[in-house]
Amino acid sequence: MRKKLRRLRDTDKSSKGEECCALCKCSDDDPALFGEKVKLEEHKFSVHYFCLLTSSGVYQRGEENEGVFGFLVDDIKQEVRRAARMTCYGCKKKGACIGCNVSSCRRVVHFPCGRKLMFITQYNEIFPSYCQDHSPTQSLCVDSDFSLPQSCSICLDSIEPVLSYSVLKCPSCHASWFHRDCVQHQAHSAGLFFFRCTLCNNKENFQQEMVRMGIYIPERDASWELEANAYSELLEVYNHCDSVTCVCNEGRTYSKKGWFEVIRCCLCGSRGTHRKCSNLKLDTTDWACIDCINATDGKASLVASPQSGQKRRLLSKRHLTPMPSPLDCKRPCTRVRPESPEELLRSLLPHSCPVSAQVEVHRDQALLAGLDLVRRTDFDPTHSLSVRFKGEQHLTLPSAHCAGDATRKYFLNLLMQQIQNSVVFEGPIGSKNLALDTQALREDLYFDIGSLLALCLVHGGPPIGFFSHGLYQCLFNYPANCPLSLNHMTPETHFTQQVHQIAAAKSLYELKKVMKANWEFLEVAGCNRPVTSLDDREALVEDLVSFTMITRMQLPLQRLRDGLRTLGVFDQVQLFPSVFFGVYCDAREAMTAEMLGRLFAINFSEQQEMRNLETPIVSFWRHLLLECEVGRSSISLQDILCFVTGAEELPAVGLRPPPTISFLHHVKPEEQTENAVECWDDGLFPQSKPATNHLLLPVTSTYKVFKSSMEQAISHHVHLFPSGS
C-alpha cells in the first residue's frame, strides 16, 4: 500500500513538473503576460514562449515549424542546464535565464520574477531586457490640469497620473493613461494591425513607444478577426422576391438563373425581385427598388455592382523575429520605386528655410563643430547650414569660397572623413565596423554620429562609403535574414582572433582544447556548451560572430539607428536597402571624364557668331577632361569638380541645381567701354559660381591657351582651398 501511495505521489509530482515551465518553473498560462505555453509531450516538459524569447543563451536556429517556434529542443535543454547554474536576483532560486542587457549589470532573473522586479524586455530584434536601474523610462509632456479624476483608458479604473513601470502614457495625446497589464492584454487581443491608442487613435507613435516600454505586439490580425466564421453573416446576401405579386411557383425565396433569378437592388441591396415578377428583360442585371427610386426623385442612377477589392494581405510571421521593427509601421508610402538613392534623399531635403544654423569650425576640427551643432538645445535638422572656418590656414581663402555653399560642402566632406576616423568605428579604411567604447556610450556619441551622418547625406555631403558589409547588415538587415560570417568581423581584434582559433580547429580534440583556453569568452557569449563532434564547430562560430557583432553591440547599434532617423533617413533605407547599399558601402568609385562630362548642361549663346566661337571650346573642354583622367594635366577631375561646385566628390543627393556651362568672350577693343577692361581680364581665365554649380569657360583660339588658363585658375583655387584629406 505504501509503495502504491509513493508511486502515486511520484506520478503526481512528475505531472506537476511537466505543467511548469522548464525555464521559469511557473505553471501560469496567460498568453498575454507569458506568451503561449507549449507542452512537448514526448520530451515531458513545457515552456513559455516569452521565456524563450527573453532568455540570454538560446536563439531561433530552426525553421518556424521546428521545435517551439524555431527554438530547437536540444537548444532549449541546453539553456535549461545553463540557467540551472544561475541564481535569480528576486527569488534567490536557481534557474534564472534572463540577464540585464547592460554589460556591467550582473542581475539575472526568472521571467515572472523579472515582472515583479520591474524588468523591461523590448520585443524587437534581439529582445534585450533591462533591470529597474537601467530600463527605459517615459519622459513625456503631460497635461498640467489634473482637476478631473484620471482613469485607465482601457479598464476605466482610477489611476494615479504618475509615470512609472506600472503606469504608461500615450506619446501623442495628453489624456490617455494605461495600466501596463491592461495595455499588454489589449495588444495581445488587437495584434499589430489594430493596436492603437484608445483615445487619440494614434497607431504609429503609440506602437513604437509601447514596444520601447516592453509591450509585446503580436504580428498577426486581431483575435476577433481570427475567429472561425466570425463574419459569416456578412457573406449572406439578400435572396427574396419583394414584388407585389410573385409569379414563381417555387415561392419568393427561389432563385435560379433565368427568369426566376432573384436580382437585388443595385443601390441598397436590401430588396429583390424575380425578373419575371417585375417584367424585366432576361439580360437585366441593374434594378432599383421603389424605395431607392423615390429617395432620388425617380432619377436614381443604376450603378454597377461593386468590384470585389483585393483582400488585405496579412504579414506573415517572420523567421527570426515575431515582432517587426517599430519602424515597419511608420514607413512612408513611396509612389514608385526610385532608380537611385539621390531621388529618395532629395525627397527628404527640407524646403528652403529662411533660418540657418551657424557653425563655426576652429581650424580643421569639423567633428567637434558638428557635435556642438547637434547637441544644441535649439538644434533643428531642417535648418540650412551656414559654415565659417576660424584659423590661420583659412584666412587667405578668396571671398567667393570663404562662405556659402562651397564652404558648407567642404565642411561636410571634412566632417565625413573625421567621423570615419572617430572612436565609434574600427577596422580598415573603407570597411569600418562599429566599435564598443564605454566613454562614447556615456556621452551618447553613437546617437550624435548617426545624426551627423544623416545630416551630411541630406544636406549635400558626400556618400558615407566606409561602412563594412557586416555593419550595413546589422543596421538594416540586408541581405535579409542572412547569418553573419567570420569574414564580417573586424580583423586583428582579440575577439576575432579567438573565433578564428575555434574556426580553424581540425579535430574534436583541438576544438575542445581551444574552447577550454577561451572559456571566459564563451561563457560571456552564452556559448560555453559541450560539443560532441566537429560538426558543432560551425554553429558555435556562427553564434560567437552573432554575439560579437550584434548582441554585444546592440546598444551602440540602436543608438546609431536612432541618430540615423534624423530627417527620415533611416526610414528610407529600411524601405530600399538595396538601393542605398552603394551610399553606405563602397561608394567612392573612381571619377571618369565621361561621368564628369555628363553632369554639365551646355548653354550656347543665341547669336550665331558667338555660337560659332563656342563650339570648338566644347571640344577643348572634353579633351581636357580626358587628359585629366589619364594624368596628362597638372589638375585632376576632382580639382575641376571642387572648383565648380565646392565639393571634392559627388554629393549623395546629387548636384542641385544641375551643373551648367556657359562661355566668357573677349571684348573687342572697339566695343570696350570704361568698365570693359575688367571683363577682358576675367575672360582670360575660367570662372565658377559654386552656389549655382555654374562654370564659365574662356573662349580661346587654341587648345593650348585654353588648357593653360584652366590649369592656372584651378591650381590657384586648389592651393587656396586645400583638400580635407
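This short talk goes through a predicted model of one protein chain, from its overall make-up to a few selected sites.

Before I start, a word on conventions: residues are numbered from 1 along each chain as its sequence is written. Since the model is predicted, local features need pLDDT of at least 70 and side-chain atom pairs count only at pLDDT 80 or more, while totals for chains, interfaces and linings use all residues, and side-chain values use heavy atoms, with hydrogens and water left out.

Let me begin with the chain as a whole. The protein chain has 28 helices and 18 strands, where helices (H or I, at least four residues) and strands (E, at least two) are DSSP runs numbered from the N terminus. Of its 725 residues, 45% are buried, and by buried I mean under 20% relative accessible area, with exposed being over 50% and partly exposed in between, using a 1.4 Å probe and protein chains only. If we take contacts, meaning heavy atoms within 4.5 Å, between residues at least 6 apart in sequence, 63% of them join residues at least 24 apart.

Now to helix 17, which covers residues 494–503 and in which Thr496, Gln498, Val499 and Ile502 are buried. These residues lie on the same side of helix 17, because they cover an arc of only 160° around the axis, the arc being that of the directions from the helix axis to the C-beta atoms. What do the buried residues of helix 17 pack against? Their partners are helix 18 (508–517), helix 19 (519–524) and helix 20 (536–551).

Next, the cysteines. If a disulfide is taken as a pair of cysteine sulfur atoms within 2.5 Å, the count comes to zero. As for accessibility, cysteine 51 counts as buried at 1%, and cysteine 131 is buried at 0%.

A cavity here is a set of points, on a 1 Å grid over the protein atoms alone, where a 1.4 Å probe fits but cannot get out, and lining residues have an atom within 4 Å of a point. Grid points are joined across faces, edges and corners, and a volume is the space filled by probe spheres set on the points. The largest cavity has a volume of about 190 Å³ and is lined by 20 residues, of which Phe111, Arg115, Phe119, Tyr123 and Tyr165 lie nearest its centre. Helix 2 (31–34), helix 5 (111–116), strand 5 (120–121) and helix 6 (180–194) each supply at least two residues of that lining.

I will finish with two loop residues. Leucine 436 is in the loop between strand 14 (433–434) and helix 14 (438–442), and is partly exposed at 37% relative accessible area. Its C-alpha atom is separated by 7.2 Å from that of proline 556, although the two are 120 residues apart along the chain.

Serine 243, in the loop between helix 8 (223–226) and strand 9 (262–264), is buried at 12%. Leaving aside neighbours within four places in sequence, serine 243 is in contact with Arg252, Gly272, Thr273, Cys277 and Ser278.

Key
1 Å grid on protein atoms, 1.4 Å probe; cavity = no way out; pocket = protein on both sides within 12 Å on 5 of 7 lines; lining within 4 Å.
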